[in-house]
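Subject: A structure for you to explore

Hi there,

Here is the structure I promised to pass on to you. Please open it beside this email and follow along as you read.

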Amino acid sequence: MALKARALYSFQSENKEEISIRENEELVIFSENSLDGWLQGKNSRGEIGLFPASYVEILRSRAGSNYTDCSGSPAGSPGHESSCYVPPPNPSISYQGSFEDDDDDDWDDWDDACTVVEEPRSAPGTNGHPSPSLQHPAPYGHQHAGYRPKPALERQDSMSSSKRGSVVGRNLNRFSCFVRSGVEAFILGDVPLMSKIAEVYSIEMGSRGPQWRANPHPFICSVEDPTKQTKFKGIKSYISYKLTPSNINSPVYRRYKHFDWLYNRLLHKFTVISVPHLPEKQATGRFEEDFIEKRKRRLILWMDHMTSHPVLSQYEGFQHFLCCRDEKQWKLGKRRAEKDEMVGASFLLTIQIPTEHQDLQDVEDRVDAFKAFSKKMDDSVLQLTNVASELVRKHVGGFRKEFQKLGNAFQAISHSFHMDPPYSSDALNNAISHTGKTYETVGEMFAEQPKNDLFLMLDTLSLYQGLLSNFPDIIHLQKGAFAKVKESQRMSDEGRMDQEEADGIRKRCRVVGFALQAEMNHFHERRVADFKRMMQSYLKQQIVFYQRVSQQLEKTLRMYDNL
């Protein structure tokens, strides 16, 4: 039965089986069962085809919310305070992420030669905030109404619940990312502290403000040798990639599904970090050489950003993904990552911030400036992407055809000069004919050139489109936290809240603020390095290309010297 849906993000089709969709566009889904992460449906223009399942939201009832109104009165009414935050169900439950329909047997034969069978079927939504189909699984028959956080071993506030009658009001929009991510619950002190927190991520003050403390054991990781492999006597095929971390210098072999599993874990855990997006999936042509090469290039960039991030590079699940070669140990590490309790709002408990005072208004102004910057950069990245993509199309099509036409025209002149032998000059005819062939060669050079420069530029731009698309939600978390601080201070001034409780909200808001500023600084640091490298590479390749064209033309020109 056809279902109504809404596009969460815009998607540009790349082949005839796919259709383009625009953000907030109304769609019709023919079946909610995805094929390797793709859905078939119809857009508002009547076009029928495939688009990524993670880019759309199937319109359903709100029955599946993870946030339950625990009181009999509207949330946040004075005198009716209760902890209504219910964290996302345990990710080890079968409907998690990409593996909701996969057999666990896919992970039993973990070795270098034979990995899992099928591509992922779906992916989370915006960074750190799973898409509604994952965050609200009730429509799929998985209602875990009894799931609640473990009893608090220690309240984040020293006050008893009897002194918290005038609690700060909760957001009426229970589906906002501020609520769904659990950050609201963290700010209000409703996320229980664990008796022991094994992982700690520190923020320190640098020359440009808060920054993540560097990984004490930095490393890089290569992505090489995409190889087609088969399983079940050739029934199933997949591409494996050779990964070699520099800290162990011992290769492991992973396929895209393994990357997707890791990506889901990263989104689930790191609420306030801009996790780089994986290369997009493709419904058809997954084993074509051009697609495999494109995915490899983009996985290299993805891996480079992962290993350079001070927090993501130290994540135990990432280290397990890169280093584990033993089948039994892999299963244990995989389950351990899926049962990790320090995810989402609880991840904020692992962050240690500096003691330096920061005025919250100054922080808000800095965040507003970054918001304006990121919006402008996102627009300019999209503009350059469109221009570069059009230039690729011209290189492969228009330029080659035009040079072929010019070459054929020169060839025709040469052939016509042969028509009257007494006045024919073989040397001139041959030179003109060679000129025509030279321009045909130049046309082929233009067609091949994007592989050397424009493709690499588009890879970087695609990565940054993903990183930039994460920040609106992350900034929204900070804005929500600021709003709670202002509201709590107003209630304290009016005598409706103890100042100690308002100070606790302000203290927890500082954690979110420091984390966002550290992430902003890391983004800028990487941006400078990446765009410097991108522009240098493009210009160098352009110089080499036009030198090669010039050499071809100079060689042809010399044929006319001795006529």
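Two strands count as paired if DSSP finds at least two bridges between them. Strands themselves are DSSP runs of E with at least two residues, helices are runs of H or I with at least four residues, and both are numbered from the N terminus. Before we start, please note that this is a predicted model, where local features need pLDDT of at least 70, side-chain atom pairs count only at pLDDT 80 or more, and totals for chains, interfaces and linings use all residues. Residues are numbered from 1 along each chain as its sequence is written, and side-chain values use heavy atoms, with hydrogens and water left out.

Strands of a sheet pair through backbone hydrogen bonds, either parallel or antiparallel. In this open sheet of five strands the pairing is antiparallel, and the order is β4-β3-β2-β1-β5. At the edges stand β4 and β5 (56-58), each with a single partner strand, so one side of each has no neighbour in the sheet. From one strand to the next, the twist averages 45° (axes are lines fitted to C-alpha atoms, for helices over the stretch in contact, and angles run from 0 to 180 degrees between N-to-C directions).

Now look at β3 (residues 38-42), which pairs with β2 (residues 26-29) in the antiparallel sense over two bridges. Here Ile-29 is opposite Gly-41 of β3. Strand β3 is also joined to β4 (residues 48-52) by five bridges, again antiparallel, and there Gly-41 faces Gly-49 in β4. β3 and β4 make a hairpin with five residues between them, and Gly-46 in its turn has a positive phi of about 85°.

The three-stranded sheet

Another open sheet is antiparallel and has three strands, in the order β8-β9-β10. Its edge strands are β8 (221-231) and β10 (252-255), each pairing on one side only. Neighbouring strands here are turned by 35° against each other on average, direction ignored. Nine bridges connect β8 with β9 (residues 236-245); Lys-228, for instance, has Ile-239 in β9 as its bridge partner. Four bridges hold the antiparallel pair β9 and β10, with Leu-243 opposite Val-252 in β10. These two strands form a hairpin with six residues between them, and Asn-249 in the turn has a positive phi of about 50°.

Which helices lie across this sheet? Helix α5 (residues 289-308) lies across β8 and β9, running at about 135° to β8. Helix α6 (residues 316-323) lies across β8, β9 and β10, at about 110° to β10. Contact here means heavy atoms within 4.5 Å.

Rolling a probe the size of a water molecule over the atoms shows where empty space is left.

Where does the second largest cavity lie? Domain 2 (201-303 + 310-356) and domain 3 (361-558) both give residues to its lining, so the cavity lies between them. The domain bounds come from an automatic or database domain assignment.

Happy exploring!
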